[in-house]
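The following exercises are to be worked with the sequence and the coordinates at hand. Each task is followed by a solution in steps.

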2 protein chains.
Amino acid sequence: MTLDGARNFKLTIAYDGTLFLGWQRQAIGPTIQQTLEDALAKLCGHEITVFASGRTDTGVHAQAQVVNFFTSSSRTPSELVKGGNAILPKTIAILSAQEAPEDFNARYSAKGKTYAYYYYAAKIRDPLLITRAWHVGPNLDWALMEENLSHLIGSRDFKSLASKGSETKSTIRTIWQAHITSREENIKKLTITGSGFLRHMVRTIAGTLHLIGRKRLSPDYLNLVLDSLDRAKAGPVAPPHGLYLEKVFYQPFSGQNDAP
Amino acid sequence: MTLDGARNFKLTIAYDGTLFLGWQRQAIGPTIQQTLEDALAKLCGHEITVFASGRTDTGVHAQAQVVNFFTSSSRTPSELVKGGNAILPKTIAILSAQEAPEDFNARYSAKGKTYAYYYYAAKIRDPLLITRAWHVGPNLDWALMEENLSHLIGSRDFKSLASKGSETKSTIRTIWQAHITSREENIKKLTITGSGFLRHMVRTIAGTLHLIGRKRLSPDYLNLVLDSLDRAKAGPVAPPHGLYLEKVFYQPFSGQNDAP
């Protein structure tokens, strides 16, 4: 949808996915897309359709999701940020706004993404992390899990690590970086950066790594799963509340900007 | 309330205060005390009264609140931890249990406490910190705030930094340590350790420091407030969701233990 003479805006947004039914508009409850479109429509005075870099599932968080939308209103980037944040519930925030070229599309212009997956490794749950990290408990072999990540690097067919229903036909993706780091005692962060990700791919990697860390599988199991091209060989999809969309990469462009 | 032949247990618990109406049992909604007492009663087979080191207000979190209770049941510390955590909602956790001397009382035996108060200093709110830190925005003079903390150290009359309704008559308390540290970009942590705290004392300190950081007051304002003994001179009570009860100190004792 392009409005005649409309400007295209790129927004970077953050959200707590806990209380939303994912990204995409649904009849049965609030979604990020619907809440954002409603706020922008109020601000711009006409119906708005936002296009995201990709969907996030129910419970998945975003620290820097990127969307674009067209508006015929005369709103400045700064007004979109301030006005949008005043209307939006506190569980969503517009971090920055920038006028973009007409052909900028949050999904198709994306060059890559970084996802983070958080595990909580203490014996007993932390009530403050219930909607923030997957409580996997102690005694996982984190070094072995880290070693397995090397198998992800490069261009590979990730068919075995994705759920059916991906939006694209090819299941080949390029992963540039994958690491596990420690944040505070007992909080482990899996970070993966790549050209793109299939449906449930990061969560399936997180779930398979968890079984490898429990030493229930062979030490280089992630490689065996990838080689097999067989989804049945992978571990379960890890729960959504540990997953964060951390960054989306684009070619830089110039345009009136309101970014901190 | 002491039951004949009953054993006294010390529990260390954590909770997300967001969805509770504070500590103390109330008719109008769920509280930590009520939820914990109900879970322990189910586990022990008789009514339970728990005594906390102190109350926490609605929205205030605890990383290590301490309580004690008496039971005539034969539950072991390990059963209390595992069984309690299975019954409790995920927003509360029992971190450890220990059999305590009969005269151990979570409130009166406490030798001191550490509270933390979290500020979020970015320009735009973080949806993932809405119930976790006070969003104060940028441009606060954190060094000046840290300097003011020196006035808290030692034994002083904290009357001007407390709300009415403290449980004790004397308003003299001893503060051993007070610091502001950085945790990640834009997350500032105020940590205060002392012999005890008056009602709303940490939140009033946090609220007064915030005004000092905004440079709306004289540079050593915290000292002036303390000297004045006048509550009207202090800043507003900072919001509850930034406050965490981090630790309660006791004389060690020996007793059957289930602590990670």
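Domain bounds here come from an automatic or database domain assignment. The model is predicted: local features need pLDDT of at least 70, side-chain atom pairs count only at pLDDT 80 or more, and totals for chains, interfaces and linings use all residues. Residues are numbered from 1 along each chain as its sequence is written, and chains are lettered from A and ligands numbered from 1 in the order in which they are written.

**Exercise 1.** State the domains of chain A and characterise the contact between them.

Step 1. The assignment gives domain 1 (7-109) and domain 2 (112-246) in chain A. Their C-alpha centres are 27 Å apart.

Step 2. Two residues are in contact if their C-beta atoms, placed from the backbone, lie within 7 Å. On this criterion, domain 1 of chain A contributes twelve residues and domain 2 of chain A eight residues.

Step 3. Ala, Val, Leu, Ile, Met, Phe, Trp, Tyr, Cys and Pro count as nonpolar, Asp, Glu, Lys and Arg as charged, and the others, Gly among them, as polar. The side of domain 1 of chain A that touches domain 2 of chain A then has three nonpolar, eight polar and one charged residue.

**Exercise 2.** Determine how chain B is related to chain A.

Step 1. Copies are superposed by least squares on the C-alpha atoms of residues with pLDDT of at least 70 in both.

Step 2. The same surface serves both, since 100% of the contact residues of chain B recur in chain A.

Step 3. The contact takes 18 residues from each of chain B and chain A. On the side of chain B, there are ten nonpolar, three polar and five charged residues.

**Exercise 3.** Which residues of α1(B) are buried, and how are they arranged about the helix axis?

Step 1. Helices (H or I, at least four residues) and strands (E, at least two) are DSSP runs, numbered from the N terminus. A residue is buried if 20 or more other C-beta atoms, placed from the backbone, lie within 10 Å of its own. The buried residues of α1(B) are I32(B), Q33(B), L36(B), A39(B), L40(B) and C44(B).

Step 2. The arc is that of the directions from the helix axis to the C-beta atoms. The buried residues of α1(B) fall within an arc of 140 degrees, so they line one face of the helix.

Step 3. These buried residues pack against β1, β3 (61-71), α2 (77-87) and β4 of chain B.

Definitions and conventions: Buried ≥ 20, exposed ≤ 12 C-beta atoms within 10 Å, placed from the backbone.
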